Amino acid sequence: MTLTPRSHPTDQTSLSLIQRLRNNDDTGWQRLNELYRPLIHFWCRRSQLSESDAEDLTQEVLAIVSTKIDSFQHGGDKDTFRGWLRVITRNQILMHLRATRNSPQGIGGSTVLDWMNNIQATGEESEKIDPQTENTERHILFQKSLELIQSEFETNTWTAFIQTAIDGRTTADVAADLGLSKGAVRTARYRVLRRLRSEFGDILN
């Protein structure tokens with residue numbers, strides 16, 4: 001049995017997603033919204049915003065990104081798209097907390113005040129991102145990226161990828177279960193990984 005990936009609807013361009021955003025490509029903005037909206041919402045909720053406020057700020061952040069995407073400069077591991085987006089989100093959260101702090105329905109409590117006091121004037125946190133939070137963020141992005149491309153592959157291709165790349169099963173065991181050759185399983189894994197890199201490689205770090 002051979003494994004053939006389904007057609008890729010977003011393969012009309014070989015440009016990176018960042019470049020597609022700068023070119024105001026509609027499919028690029030749709031991908032960004034689908035991939036990063038859950039993470040922005042996670043940041044907002046972690047900062048004790050209500051569900052409605054988190055939704056509003058998530059939309060505000062995405063709107064800001066649309067106007068500032070040209071200013072993003074990828075400079076290596078310490079200058080990632082996720083880090084850039086985190087700063088934008090943090091700044092919007094801080095502005096919101098300051099605006100609502102003294103209102104009758106405003107957010108109160110020492111936890112929020114401590115959080116605000118730990119942010120420098122530039123909007124950067126004085127403390128490093130802890131490993132658990134880092135892992136959570138990466139998990140959110142990775143899971144969402146998988147959801148976005150799954151429909152592009154046949155069931156056996158996807159199963160072979162998940163069981164080898166995610167579940168850690170051996171190529172031989174997966175091949176035996178699926179009735180495929182070991183070469184076909186390796187090819188399936190490669191095809192999905194290649195698709196992930198081509199679609200999201202410049203923004204998943």
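How many residues apart are Glu 147 and Lys 144 in helix H6? They are three residues apart, and because both lie in H6 (residues 131-149), about one helical turn separates Glu 147 from Lys 144. The structure is a predicted model, and a search of the whole of it finds 15 salt bridges, some of which are described below by where their partners lie.

- Glu 147 and Lys 144 form a salt bridge in which the closest N and O atoms are 3.3 Å apart.
- An α-helix has 3.6 residues a turn, so residues three or four places apart point the same way.
- Lys 144 counts as partly exposed, because its relative accessibility is 23%.

**Pairs between separate parts of the chain**
- Glu 199 forms a salt bridge with Arg 20, with 3.6 Å between the closest N and O atoms; this pair links distant parts of the chain, since Glu 199 belongs to helix H9 (residues 182-200) and Arg 20 to helix H1 (residues 17-22), 179 residues apart.
- Both partners are buried, Glu 199 at 1% relative accessibility and Arg 20 with a relative accessible area of 2%.
- Arg 22 and Asp 70 meet through their side chains in a salt bridge of 4.0 Å, N to O; Arg 22 lies in helix H1 and Asp 70 in the loop between helix H3 (51-68) and H4, so the pair ties together parts that are 48 residues apart in sequence.
- Arg 22 is partly exposed at 29% relative accessibility, whereas Asp 70 is exposed at 54%.

**A network**
- A network of salt bridges links Arg 20, Asp 25, Arg 31, Glu 34, Glu 152, Arg 195 and Glu 199.

**Helix H4**
- Helix H4 (residues 81-100) reaches 29 Å from its first C-alpha to its last, close to the 28 Å expected, and is mostly covered, with 15 of its 20 residues buried.

Definitions and conventions
Residues numbered from 1 in each chain as written. Predicted model: local features only at pLDDT ≥ 70, side-chain atom pairs only at ≥ 80, totals over all residues. Heavy atoms only, no water. Helix = DSSP H or I, 4+ residues; strand = E, 2+ residues; numbered from the N terminus. Expected span 1.5 Å × (residues − 1). Buried < 20%, exposed > 50% of the residue type's maximum accessible area, 1.4 Å probe, protein only.
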